[in-house]
Amino acid sequence: MCGNNMSLPLLAEAVTVSGTEKETAAVRDHTNTILHGWADAMTAIRLPHVKYICPHAPRIPVTLNMKMTMPSWFDLMGLSPDSPEDEAGIKRAAENIKAIIDHEAKNGIPANRVLLGGFSQGGALSLYTALTCQQQLAGVVALSCWLPLHKSFPQAASASGNRDMPILQCHGEMDPMIPVQFGAMTAEKLKVIVNPQKITFRTYPGLMHSSCPQEMAAVKEFIEKQLPRI
């Protein structure tokens, strides 16, 4: 089992885009940016048999933001590969997401029909959660992000059920916050953790720390492939 039931308030406050027919799969999209905007994006690429769950990040003081309180899954001290990291906060957030996976399984959607995804910090949390989860998941969509606690891998994934999991990683080539080089380094690191043939890394010319229609089309195609109607 992954996680515990401590985080169910997180699920209660989530934005959920329901399927239009029997739901046999779920996409967990967590981001610390404007959540309703991403819920709208999920609506635009929705599949009738898939439920999209978009939980809110809690409001916490963030070091990178002069300790001001803002929505954030864990504290951020910097946005470079060598920045110190909030290990306890990252692991706590991952356990909260795993608890939602357990909750969905108890309600009829097994873990192997759950796909995690997110943008920026939400994408980072998606990667870390999946790679440390014992249950086999359907895949990960990681947009404009990085792998948290990257120095702890591949050892941190030793008990993971997702060493053969498909990952779609996308990044804007003009991203000023998380440079595309950081994304490329993450893709290379992932290749020593999971089956490298299962990793897709796409970059988008001119795109900054945002998304674009071409990227969202790639996300929809990936979800359709990993979560087919059953």
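**Packing, cavities and backbone**

The model is predicted.

User: How many helices and strands does the chain have?

Analyst: The chain runs to 230 residues, and buried residues make up 54% of them. Its secondary structure consists of six helices and nine strands.

User: What share of the contacts with a separation of 6 or more comes from residues 24 or more positions apart?

Analyst: Take the contacts in the chain with a separation of 6 or more. Residues 24 or more positions apart account for a share of 74%.

User: Are α3 and α4 roughly parallel or roughly perpendicular to each other?

Analyst: Helix α3 covers residues 87-106 and helix α4 covers residues 121-131. Their axes come within 9 Å and cross at roughly 75°. Angles of 65 to 115 degrees count as roughly perpendicular. The two helices are therefore roughly perpendicular.

User: Which residues of α4 meet α3?

Analyst: On the α3 side, the contact uses Ile90, Lys91, Ala93, Ala94, Ile97 and Lys98. The residues of this contact divide into six nonpolar, one polar and two charged. The α4 partners are Leu125, Tyr128 and Thr129.

User: What is the volume of the largest cavity?

Analyst: A search of the whole structure finds two cavities of 30 Å³ or more. The largest cavity has a volume of about 130 Å³.

User: Which lining residues are the closest to the centre of the largest cavity?

Analyst: This cavity is lined by 16 residues. They divide into nine nonpolar, four polar and three charged. The closest to the centre are Leu76, Gly78, Pro84, Glu85 and Trp146.

User: Where is the cis peptide bond, and which residues does it join?

Analyst: Pro154 has its place in the loop between β7 and β8. Omega is about 10° for the cis peptide bond. That bond joins Phe153 and Pro154.

User: What is phi of Leu149?

Analyst: Leu149 is also placed in the loop between β7 and β8. Leu149 is buried, with a relative accessible area of 10%. Its phi is positive in a residue other than glycine, with a value near 50°.

User: Where does Lys67 lie?

Analyst: Lys67 has a positive phi, near 65°, in a residue other than glycine. Lys67 lies in the loop between β4 (59-62) and β5 (68-71).

User: Is Ser144 buried or exposed?

Analyst: Ser144 is found in the loop between β7 and β8. Among the residues touched by Ser144 are Phe119, Cys170, His171, Asp175 and His209. Its relative accessible area is 0%. Under 20% counts as buried, so Ser144 is buried.

User: What distance separates the C-alpha atoms of Ser144 and Ser211?

Analyst: Ser144 and Ser211 are 67 residues apart along the chain. Ser144 also touches Ser210. The C-alpha atoms of Ser144 and Ser211 are separated by 8.5 Å.

Definitions and conventions: Residues numbered from 1 in each chain as written. Predicted model: local features only at pLDDT ≥ 70, side-chain atom pairs only at ≥ 80, totals over all residues. Heavy atoms only, no water. Axes fitted to C-alpha atoms, helices over the stretch in contact; angles between N-to-C directions. Helix = DSSP H or I, 4+ residues; strand = E, 2+ residues; numbered from the N terminus. Parallel < 35°, antiparallel > 145°, perpendicular 65-115°, else oblique. Contact = heavy atoms within 4.5 Å. Nonpolar A, V, L, I, M, F, W, Y, C, P; charged D, E, K, R; others polar. 1 Å grid on protein atoms, 1.4 Å probe; cavity = no way out; pocket = protein on both sides within 12 Å on 5 of 7 lines; lining within 4 Å. Points joined across faces, edges and corners; volume = space filled by probe spheres on them. Buried < 20%, exposed > 50% of the residue type's maximum accessible area, 1.4 Å probe, protein only. Lists of a residue's contacts leave out its neighbours within four places in sequence.
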